[in-house]
Each structure stands twice: as structure tokens, then as C-alpha cells.
Amino acid sequence: MKTEHPALLPLLKQYFGYTSFRPLQAEIIQDSLAGKDVFALLPTGGGKSLCFQLPALTHNGLTVVVSPLIALMKDQVDALTASGIAATFLNSSLVAGESRERLRGLHTGQFRLLYVAPERLMLSGFLEDLKRWNVRLIAVDEAHCISEWGHDFRPEYRQIAELRSHFPGVPMMALTATATGRVREDIVKHLKLAEPQCYVASFNRPNLTYRVLPKSKPYDQVYEFVRARPKECGIIYCQSRKAAESVADRLNEDGIRAKPYHAGLTPKQRSEHQELFLRDDVRVICATIAFGMGINKPNVRFVIHYDLPKNIEGYYQETGRAGRDGLPGECVLLFSAGDVVKQTTFIDEKPNPDEQKIAREQLQQMVHYAECASCRRTELLAYFGEEFSADECGACDNCLSPRATFDGTLAAQKFLSCIFRIREKTGFGVGLNHIVEVLTGADTDKVRKWNHTQLSTYGIGKEHSRPEWAAIGRELIRLGHVRQTTEKFSVLEMTNAGAAILKQRTKVTLTKPVTAPEPQAHRAGEIACDEVLFERLRSLRKTLADERDVPAYIIFSDVALRQMAREYPTGEREFTRISGVGEKKLREFGDLFRGEITAHLQTNPRQVFADETFVVPMSQRSSLGDTARETLRRFRAGESVAQIAASRDLVVGTIFGHLATAIEVGEIIDLNQLASAEAQSEIAAAFKQTGWGNIVGARELLGEKYDFGLLRVYRAHKTKR
């Protein structure tokens, strides 16, 4: 592992208020400063922006950030300016006078960072300007937009590759929050990255809870959810502009401040609605799935998908807008088979057959996720090629409220037999709906046309409704007993595994449809604090933000406010230990916030938050999986964590994760084998300041001295019951 560059840490604290880097940030920054091309895949909330923002402070010259999202440019430039960093953007939202003023500043070397849209980059006059501005780094944000396999393909991104010939000696950095292996290869290829250093962080967002609810009276479901969280803000994603408008209007009528956000609004309207949301003047934004918001709001507490997303990458990125500050976030998807039909209709309207095939494959994967009975976190991570180390995540509906199963052997045999008999009689396959019609004895034109009323399987499945048979069929597809093609007229084919069920009469266990009530999940990342003081600090933050015409989180994040309301830092030295307090913010806001804390303590007792505020959820206390048990066996045999990782071709963090999980399920591990008494004392002191629920904060206090995994093991050991 590379060590953090000592010269970077003072800059990190001075401008951003942090004392240590998040995973992979230091390595990415060091490779970039060494002149290497870099590909970085860091999930939403993983700190991508810092990877190019901090290098911009280490050299004289300009860092150019290519971004497709106009709103995000302004957001990030506002945040950088508030931290004392000279940054600007150029895009179509500026009037001529504003653009000229910024161009003058670029010509005189006034700025360290320039955010720009890909279309502007390739204008001949702009390219000539860039060559005069001493460009030292080109960072391509949202790099997945360059791949047709990405969820947000933008043809204009393909032009960026031409920058390589214009700036052959300038390192490039490609960053994205979501990309499969195929998309990663596309990014490296199309951007012409030269022997890039590639970094892929974990896709796991432990502070997010994932749930899928059966869609029934969706507005009522949304209203009850939002009404139950009166102090929280969130995003509701809708399929159509009409739905976004309708949901926003009804929420306002019911007393919940909401605004729509979609491509049908004027740029001015979109900007106004977004600003209201960023400043907490509006609690809910109702946005179309097809239109990226590009927001950097860290305290989004929930994301609801009113309609089914088109693909898992989009769903992952959209849910990733919740809990960017590391505090708990809830992700709810309302699912119905009708939404699948709608999406399929849209796909059939695409003119390009190749695009249709890609879209069908992506939709099938999305439906698989929505209907699966296994851990949703495991399913999401597996899609991106990552293995989740625990058997259960304890933070999704399927882990918190496991769905009932039933003996589906007979149903599976009937379904598979129907596929076989139809192909045997007609010589070709049919789609899911037709199989269901035959099983339920439907009298349709196609059934009569192909004489399927004469099949032995016609009408043998009347014990199940058509929706139940459709669900059974989709589960057999997920289980690998049936294959569904991705052509326009998708057909079902029995796999070898399905044929074995018919021949060997193997028992098949199926899952009942989703009917579980909304579970009360453990909220990973929660920071217990003085809630009264937290509200006072939030009110002060809002006042200061309004005076400066910026979003509230530009002043301080919710994480910082919660730490203040937990630690009561009335002295300047104590205040500098709060996450996100850099030099400029200490000078500008330190006295105001410390004064508010002092005033609160004059009329309210100081609360003490015991270490036991973090408790491992019971739903995680299950038996160990095979891979974790093998780690435990080797550890008890005397192998070190590093040795186990090397021999099993795993990273050290994964091995620590296995050991922490083992402790959580009741296994006994000698902590002295992992950390000295001095190390344990230091870690204990850090957790005492941050609380057991804030492992990121504890690591910040400790710097890079101890691995995240070791902190997790220590926490598991000290909080076990």
C-alpha cells in the first residue's frame, strides 16, 4: 500500500478540513501528480472530486474538469470558493458578460480549476485558449458517459479523446461512480488513456438501506413515507414528466414542499427548483429518471423510485444520491409488472436493433434485482463484479424481513413442461405471457391459432393466477432454470438445469411475492447527538447560508453539525477537530457556532453519549459463510491478516471484514493478535470522541495509522453482546 504524501495532508486539512484521506484517494492523487494517467471508480460519496481538486493546489497551472452536468459545476465551484480555492466554470448558463470576466481571469492565471462541458472543449478558439492556460491535469468526470454500454451514454464525450493529441504531455484522469467491467474497458479505450493506473473501490454503501415495495396506490405510499419523516429531504424519481409534475403538485396540496425537475422545464425553472432544494427551502424534488440532476447535496436522506429504472447502473447512481455525508439514507423502489411492460414498449420504439438488445438485457437485470429474494446489497455488488463478504447485510428488506418460501416443485415442473410441449408441437419458442396463457387455459387468438388448446399442459395451472404464474416464471429465469432471449420478440428456453428438474424431479423452492411491511432497519452511520442543539445549529447554518446565497451544506455538513452537537466544542482547538473545519471556515464561522453551543449549554445540560450507542443489528448475527470461515480457520492457525490475504488473493480489508463478521456472529477472536495494547488504546480514544457509529470520523482522528478493517474488528469486539 502506498503511504499518504506528507505534503498533501496539510493542504487537505487547510482547505477541506479533513485529517486523512478516504480509501484510494491518496494513491490516485500521487499517481496523477507523478504524471500518470488514472482511471478511478469510486462510488457516490466516495470522494471522487477531491482526487482532482487537491492536486490542483499543489502546482502552478490549471486543472480542467470535464463535466456533463451544468448544475453540478456551479455546486462544486461554490463549495471550492467557500473553502478558499480559486475555481470557476464556463457553460451555457452564463451571460456574455459573465463569460468574458471569467475568461479574463483564466488568461491572467487567477484560477486553479476550470469546470467545462465536453461540447465547449472542442471549439477551435477554446482549444487555443487552453493551450495558453498552462493546463496541468485534465479530469473527465462522469466518464461512463463515453460508453454506449453505460447508463448515460453521450456521443459528445467521444470527442474528448482528441485532447490527447492537443495535450500529449498532460496526464488525464477518468472518474466515474458506476461502471461494469465492459464500461471500464470502453472508458480506457475511447479516452486513449496511456497505461493508466486503475483504481476500483468497493461499491458498498453501508449507510444505505435498500427496499422494494409492491406498487399499490403509489402516491399514497410515497405520501405516507415522506410524511413520517418531517425533517428529512429526498428525491422521488418518476418515469415521465407528467408523473413528476403530478406527484409534486399533490405533495404540495398535502402540505409537503415539493418541486418537479425535468427536461420540459425551462433552464431558469430547473435552476430555481434545484436551488430551493439545495437550500432546504423545498423538502422533495420529483425528477424524471431520464434527466440527470447532477446535485452534490450531501444530506439527502431518502431516494424513492416511483417507477422502475431502466437499468441497474442508473438505479445505483440515483440511490447513491442518498447519504453522501455518510449518515443513514433510505432507498425505496416501488415495483409492479406493469412498469416492466411500459419499459418494454419504450425499448421497442428504439430505431437501432443493437440498442434494443442492450436495453432489454439491462431491463431483465433490473427486474431480476427487483424480484430477487436474496440480499439486495449482495445482488447490487455482484452486478459490478464485487463479492459481499457477509451472508446478510442487515440493511435491506430481504435481510430484515425475509420473504416466505414454498415448495414450488410442482409449479416449476408444470411451467417447464409447458415450454417443452410448445416447442415440441410448434418448433419454436414463445414468450412469458403466452406460457402463462396456456397454463391458465386462456382463450386467445394466438392460443387458438397455434392449436395450443390441444397441449397436455393447456389449463393445468388454474390453481395460480396469471400474475402468480408470471412471477413464478421470472423466478425460474433468475434461478437459471429458464433462459429469456433479448430479441424484440423475447422467447423462453429451458436450460440444462431446467431439464434436470423434469428428469430427476428435483425439489424446487420458490419465494412468495413481496408483501412484507416496511421494516425498521438499523441505520448504519448514525451519529447520536444532542438533537435540540443539532436543530439550533441547523437553524444558524440556514441563516448564514441564506445571507451568502449558497446551499446550507456549503457552510457545514450534517456530519459536522452532529459532531458539534455531540462533542460541544466551545474552544477553538476542539472546534478544529470537527470534520470539515478548515482554516477559512474556522475563521469565518468558528466563533458563531461555538457561541451557539455555549449559549445552548447555559440553559441545557451537557448530554453524555455512551460508547454503546452503536449496536450490531441482530439481523447480521447469522452463521458465517464459507469464505469468512476459511479466513477464521487460517487466523486461528497462526497466519497473519497479510498472509491470509496474499495466499487467498484477497485484499487486507476483506480479511479484516471476515474477522469482524465472525465476531459479530459470536466467534471469539484474540484482539491482541491484531493490535498492540498501545494501538488498542489509541483506537479506543478515537471512538470515544466519535462514537461507535462513526468509523470514518474515528479514522480521520487516527490518520492513516490503522486500516479501516482493523477499526471495524475493534468495534465489533467492543460492542458484541
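1. In this predicted model, seven strands make up an open sheet, a sheet of 7 strands whose order runs β3-β4-β2-β5-β6-β1-β7 with parallel pairing. The edges are formed by β3, residues 87-90, and β7, residues 197-200, each of which pairs on one side only. On average, and with direction ignored, neighbouring strands of this sheet are turned by 15 degrees against each other.

2. Helix α5, residues 96-107, touches β2 (62-66), β3 and β4 (113-116), and its direction makes about 130 degrees with that of β3. Helix α9, residues 181-190, touches β1, β6 (172-176) and β7, and the direction of α9 makes about 150 degrees with that of β1.

3. Turning to the aromatic rings, the count comes to 14 aromatic pairs. Since Tyr-315 belongs to helix α13 (residues 312-319) and Tyr-369 to helix α15 (residues 353-371), the pair ties together parts that are 54 residues apart in sequence. Both Tyr-315 and Tyr-369 are buried.

4. A second pair, between Phe-428 and Trp-450, is edge-to-face, with 5.2 Å from centre to centre and 75 degrees between the planes. Here the linked parts of the chain are loops: Phe-428 lies in the one between α18 (409-426) and α19 (432-439), Trp-450 lies in the one between α20 (445-449) and α21 (466-478), and the two residues are 22 residues apart. Phe-428 has a relative accessible area of 34% and therefore counts as partly exposed, and Trp-450, with a relative accessible area of 24%, is likewise partly exposed.

5. Beyond these two pairs, one aromatic cluster is formed by Phe-203, Tyr-316, Tyr-383 and Phe-384.

6. Finally, there are contacts in which an arginine is placed over an aromatic ring. The charged end of Arg-102 sits over the ring of Phe-89, at 4.4 Å from the centre of that ring. Arg-229, in turn, lies over the face of Phe-225, and the distance to the ring centre is 3.6 Å.

How values were computed
Residues are numbered from 1 along each chain as its sequence is written. This is a predicted model: local features need pLDDT of at least 70, side-chain atom pairs count only at pLDDT 80 or more; totals for chains, interfaces and linings use all residues. Side-chain values use heavy atoms; hydrogens and water are left out. Two strands pair if DSSP finds at least two bridges between them. Helices (H or I, at least four residues) and strands (E, at least two) are DSSP runs, numbered from the N terminus. Axes are lines fitted to C-alpha atoms, for helices over the stretch in contact, and angles run from 0 to 180 degrees between N-to-C directions. Contact means heavy atoms within 4.5 Å. Rings of Phe, Tyr and Trp (its six-membered ring) pair if their centres lie within 6.5 Å; planes under 30 degrees apart count as stacked, over 60 as edge-to-face and the rest as tilted. Buried means under 20% relative accessible area, exposed over 50%, partly exposed in between (1.4 Å probe, protein chains only). A charge sits over a ring if NZ of Lys or CZ of Arg is within 6 Å of the ring centre and within 35 degrees of the ring normal.
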